[in-house]
Amino acid sequence: NELDRILREKLKTQVIEQLLALHSIDDLPQVLLDKEFQHLEIDVQRQGKQEGKQEGKNTERPLSEEVKKGLLQEAERRVKLGLLFNVLIEKHQLQVDEVRVQQEVERLASVFQFEQTIRDRFYKDENMMRAIRAATLEEQVIDKLLEEAEYTEKTAEYMEIMNLSIKN
């Protein structure tokens, strides 16, 4: 299962990188950029607070210009990708496959001891279900792109795929 997941993630990353490389968008909506930047900034600050608590520190530091620049680049990348995905969703008239959503909920809940309780929580949590549906639709877009793409399969060793190295 882990091997399949990693292979799918690597393939997905390659598809996304190729999609971004083939389609440039010069004028991104500033509102979308600002919103995405704010989300990323909040995530980084939250992560910093969490790390500070673990280290026994409770200090809040402003983000460096270098970090802000990196966040802006990531925000641009995400907005471009979102716009491209929206075009593909409309072009192929894709809608969230509820069977796949249910399968994802089952997969996520299956790792917990009290599966049914977790499953019920997922279905009751609108934000969680929205995130699962968005991820499912994203996977459907990737699947559609793979149907249309020409690609070459490559044989690789298990250790290489898993990014594991054995030191002599």
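This is a predicted model: local features need pLDDT of at least 70, side-chain atom pairs count only at pLDDT 80 or more; totals for chains, interfaces and linings use all residues.
Biologist: Which helix does A131 lie in?
Modeller: A131 belongs to helix α6, which spans residues 126-148 and is where confidence in the chain is highest, with a mean pLDDT of 95.

Biologist: And where is confidence lowest?
Modeller: Confidence is lowest in α7, at a mean of 80, while the chain averages a pLDDT of 88, with 92% of the residues scoring at least 70.

Biologist: Back to A131: what separates its C-alpha from that of R46?
Modeller: The two C-alpha atoms are separated by 19 Å, and along the chain A131 and R46 are 85 residues apart.

Biologist: What about R119, buried or exposed?
Modeller: R119, which is found in helix α5 (residues 115-124), counts as buried because its relative accessibility is 12%, and the cut-off for buried is under 20%.

Biologist: Which residues is R119 in contact with, leaving aside its neighbours within four places in sequence?
Modeller: With those neighbours left aside, R119 is in contact with V105, E106 and A109.

Biologist: Switching to α3, how many residues does it have, and what span does it reach?
Modeller: Helix α3 covers residues 65-91, which makes 27 residues, and from its first C-alpha to its last it reaches 39 Å, close to the 39 Å expected at 1.5 Å a residue.

Biologist: Which of the residues in α3 are buried?
Modeller: The buried residues in α3 are L71, A75, V79, L81, L84, F85, L88 and I89.

Biologist: What follows α3?
Modeller: Helix α3 is followed by Q93, whose phi is positive, near 50°.

Biologist: Now the largest pocket: what volume does it have?
Modeller: The volume of the largest pocket is about 830 Å³, and its lining is made up of 23 residues, of which K10, L11, Q14, Y151 and T152 lie nearest the centre.

Biologist: Which elements give two or more residues to that lining?
Modeller: Those elements are α1 (2-22), α3, α6 and α7 (158-161), with the largest share, 8 residues, coming from α1.

Biologist: How do the lining residues divide into nonpolar, polar and charged?
Modeller: The lining of the largest pocket has 12 nonpolar, 4 polar and 7 charged residues. One of the contributing elements is α7, where confidence is lowest in the chain.

Note on methods
Residues are numbered from 1 along each chain as its sequence is written. Side-chain values use heavy atoms; hydrogens and water are left out. Helices (H or I, at least four residues) and strands (E, at least two) are DSSP runs, numbered from the N terminus. The expected span of a helix is 1.5 Å times one less than its number of residues. Buried means under 20% relative accessible area, exposed over 50%, partly exposed in between (1.4 Å probe, protein chains only). On a 1 Å grid over the protein atoms alone, a cavity is a set of points where a 1.4 Å probe fits but cannot get out, and a pocket is an open set with protein on both sides within 12 Å along at least five of seven lines; lining residues have an atom within 4 Å of a point. Grid points are joined across faces, edges and corners, and a volume is the space filled by probe spheres set on the points. Ala, Val, Leu, Ile, Met, Phe, Trp, Tyr, Cys and Pro count as nonpolar, Asp, Glu, Lys and Arg as charged, and the others, Gly among them, as polar. pLDDT is the predictor's confidence in each residue, from 0 to 100. Contact means heavy atoms within 4.5 Å.
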